[in-house]
Amino acid sequence: MDAGNNDTHTHVLDFNGFCNLCDKHMRSTKAVVGHQNIVHQGAKIKCTVCGRRFDNKAELSDHMDRPHR
Ligand SMILES: [Zn+2]
Ligand SMILES: [Zn+2]
């Protein structure tokens, strides 16, 4: 086994690495965009509280203004 490969990616990105729609881990923002185009066509934003999906952030924040029960 060659253990010399671990130093090539020492830079740290602010990007948290997770798709906001399915929490799948990706290597870059670009990878997430590509992933969302393929896996989540017409990507919808998911409410993290109740799991409902919305077409855009405005709808989600409107939804978030209401109490979850
Ligand atoms: Zn995803
Ligand atoms: Zn909700």
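**Confidence, elements and selected residues of a predicted model**

Among the elements of the protein, strand 1 (residues 45–46) has the lowest mean pLDDT, 81. Helix 2 (residues 57–64) has the highest, 88. Here pLDDT is the predictor's confidence in each residue, on a scale from 0 to 100. Helices (H or I, at least four residues) and strands (E, at least two) are DSSP runs, numbered from the N terminus. The structure is a predicted model, in which local features need pLDDT of at least 70, side-chain atom pairs count only at pLDDT 80 or more, and totals for chains, interfaces and linings use all residues. Residues are numbered from 1 along each chain as its sequence is written, while chains are lettered from A and ligands numbered from 1 in the order in which they are written.

Over the protein, the mean pLDDT is 77. A value of 70 or more is reached by 75% of the residues. Where pLDDT is low, the predicted coordinates should not be read in detail.

The protein holds 2 helices and 2 strands. From the N terminus on, their order is α-β-β-α. Burial was assigned by counting the other C-beta atoms within 10 Å of a residue's own: 20 or more make it buried, 12 or fewer make it exposed, and counts in between make it partly exposed, with C-beta atoms placed from the backbone. By this rule, 1% of the 69 residues count as buried. Two residues are in contact if their C-beta atoms, placed from the backbone, lie within 7 Å. Among contacts between residues at least 6 apart in sequence, 5% join residues at least 24 apart.

The phi angle of Asp 23 is near 65°, a positive value in a residue other than glycine. Asp 23 is exposed, because 9 other C-beta atoms lie within 10 Å. His 25 is also found in the segment before helix 1. It counts as exposed, because it has 10 C-beta neighbours inside 10 Å. Leaving aside neighbours within four places in sequence, His 25 is in contact with Gly 17 and Phe 18.

Ile 45 belongs to strand 1. It has 19 C-beta neighbours inside 10 Å, so Ile 45 counts as partly exposed. Residues up to four places away in sequence aside, Ile 45 touches Asn 20, Arg 53, Phe 54, Asn 56, Lys 57 and Leu 60. Ile 45 and Lys 57 are 12 residues apart along the chain. Their C-alpha atoms are separated by 6.9 Å.
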